[in-house]
Amino acid sequence: PLYVLIPALATAIAVIIGIFIAFNSFSYLYKKSNVDMYMPLPLTTRQRFFSDFLAGVTCYIGPFLVSGVISMILSFIVQPLYQNKYIDKYGYSQFFNNIPYTMFKLILFGSIIMLSLYILTILVITLCGNIFEGVLYTVLVNAVIPLSILMGGKLLFGNLYGIDSTDSISALLYRSSPAGSGICLFSYFKDGTHGSDSIIYTFWMIPYLILTAVLFGLAYLLFKKRKAEQVGKPIVFKAFYHAILTVIIFTISSVFVIKAGYDNFKHIVIPMIIITAIFYLIFEVAINRGFKKIWQGGIRYAVTIASIIAIVIIANKTEGFGSVYKLPDTHDVASVSTDYTGAYGQGLNDIYNSSYMTFKDKKVIQDFIDFHSDVLEEHKKNGTDDSIRNYCSENEEIQDHFDVTIIYNLKNGSKITRYYFVDKELYKKLFSVDLSDEYMNKIAGSYTKFS
C-alpha cells in the first residue's frame, strides 16, 4: 500500500502545484505592484498572454512529461519481471498486462487533466481582480462544479422510479471538471468501468479536450478585454460571480431537499431560505466590500431561490422532466447487461460466474427495450413504484415478483441503468430472450465450463 500511496500523493501535489504556477505567471492580473512592471513591456496582448501561458505550462507539465518518459523506458524493463512474478501468479488487472501502454495512458490522461486545471485557473484569475478572490474562486470552481452536479443529480433523479441517479449524471460529472475527470480515470484504471480503450478516448478524452479548448479560448478573449485599471477589483466580470453564487445556492438547497425528501419539502423551505440567504448575504458583502446596494442583492436572491424552488417542484411533478420515461434507441445501444438469466435460470449466476449477462444481439437488445417500455406503461397506468417491494415483503407476495436490472451500454461510452421490481406477468415478457442464439450459447458455454 505504501508504494501505491506515495506516487498517488506525489501526483496529487504535482497537479495542485499548477494552480500556484498559474498565479505566478499571471501575477500582474491581481497585483497592482506588478502592473507597472509588465504592462509597459513592448508586447502585444496576444504576445503577453501566450508567452506567459507557455512559460507556465512548460514549468508545470514539462517535468511531468520527462518523468513519464523515463518511467515508460523503465516499464519496458520491468514488464517481463512483473509478468512472470505477479500477473501469472496472482492474475492482476488487465491494465498491468501491458505496463508500457498503461504508463502511456497515465501520462496522456494526466497531462490533459493538468492542462485543464492550469487553463481553468488562468480563466478564474482573469475573471477576478485581486489575490483573495482569485484564490477563493479557484477553490470554489474546482469544488462547486462536481458537487453541484452530484447534488443536482441526487435532487432531480434520486427518487425517480427505476433510475440510478449516479449513472444519470456520470457523463456530465466526468467531463466537466478536473476533479470529475480524476474520478473517471480512477474508476477506469481501478475497475475498467468504461470498458475498452476506444470508449475512454471517445467517452471522456475527446469531449474533455473540447471543453478545455473552449475554456482556453474564453480565457484568452477575456484577457484581451481586461484593462490595467481593473486590477484590485474583487471581480472584473460580474456575470461570473452571479453564476458561481447561483450554483452554490442551488447546491446548498439540493442538500436540504435530498435530506428531507420531496414529501417533506414544505417543512424545510423556511430553514433552507434562511441558510441560503445568509450565504448570499456573506458573498454580497464581500463583493461590495460593505452593505452598498444590498437591496439589489436581495432582489437577485429572491429570484434565485424562487427559481430553485420552481425547479424542484416541476422536477417532482414531471418525474425528473420526463427522465423516467426515457427509452434508448436500439441503434445507439452497443450491448445490454442484465441480471436476468432466463425463465429457469435464476441459479445460473453462480455457474456463469457473474452477476450479469451481457448481450450484443440487436434482437435481444430490442426485447429488453420492449420489456422496458411495458414496465413504464404499467407505471404510467397504475402508478407502480418501488414501494411495491415493501408491500410484497409484508404480505408474503415476494415470490410473485422479480428484480430486473437493465444496463444499456451506449456506443458513446455512457450507460443508462434501470432497476425494476416487476410482477410475474411482466417478467414473462423477458422469456423471449431465452430463445435467442446468444442466450443459448452463453448458457451452453457456462454449463460446459461448469462441468
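**View 1. Side-chain polar contacts of S337 in a predicted model.** The side chain of S337 makes a polar contact with the side chain of T358 at 2.9 Å, and another with the side chain of N409 at 3.2 Å; a polar contact is a pair of N or O atoms within 3.5 Å, of which, within protein, one must be able to donate a hydrogen and the other to accept it, residues adjacent in sequence counting only if both atoms are side-chain atoms. The model is predicted, with local features needing pLDDT of at least 70 and side-chain atom pairs counting only at pLDDT 80 or more, while totals for chains, interfaces and linings use all residues. Residues are numbered from 1 along each chain as its sequence is written, and side-chain values use heavy atoms, with hydrogens and water left out.

View 2. S337 is found in strand β1, residues 333–338 (strands are DSSP runs of E, at least two residues, and helices runs of H or I, at least four, numbered from the N terminus). S337 has a relative accessible area of 9% and is therefore buried (under 20%, with exposed over 50% and partly exposed in between, for a 1.4 Å probe and protein chains only). Leaving aside neighbours within four places in sequence, S337 is in contact (heavy atoms within 4.5 Å) with Y356, M357, T358, T405, I406, I407 and N409.

**View 3. The contact of helices α4 and α5.** L117, L120, T121 and V124 in α4 meet G134, Y137, T138, V141 and N142 in α5. These residues divide into five nonpolar, four polar and no charged (Ala, Val, Leu, Ile, Met, Phe, Trp, Tyr, Cys and Pro count as nonpolar, Asp, Glu, Lys and Arg as charged, and the others, Gly among them, as polar).
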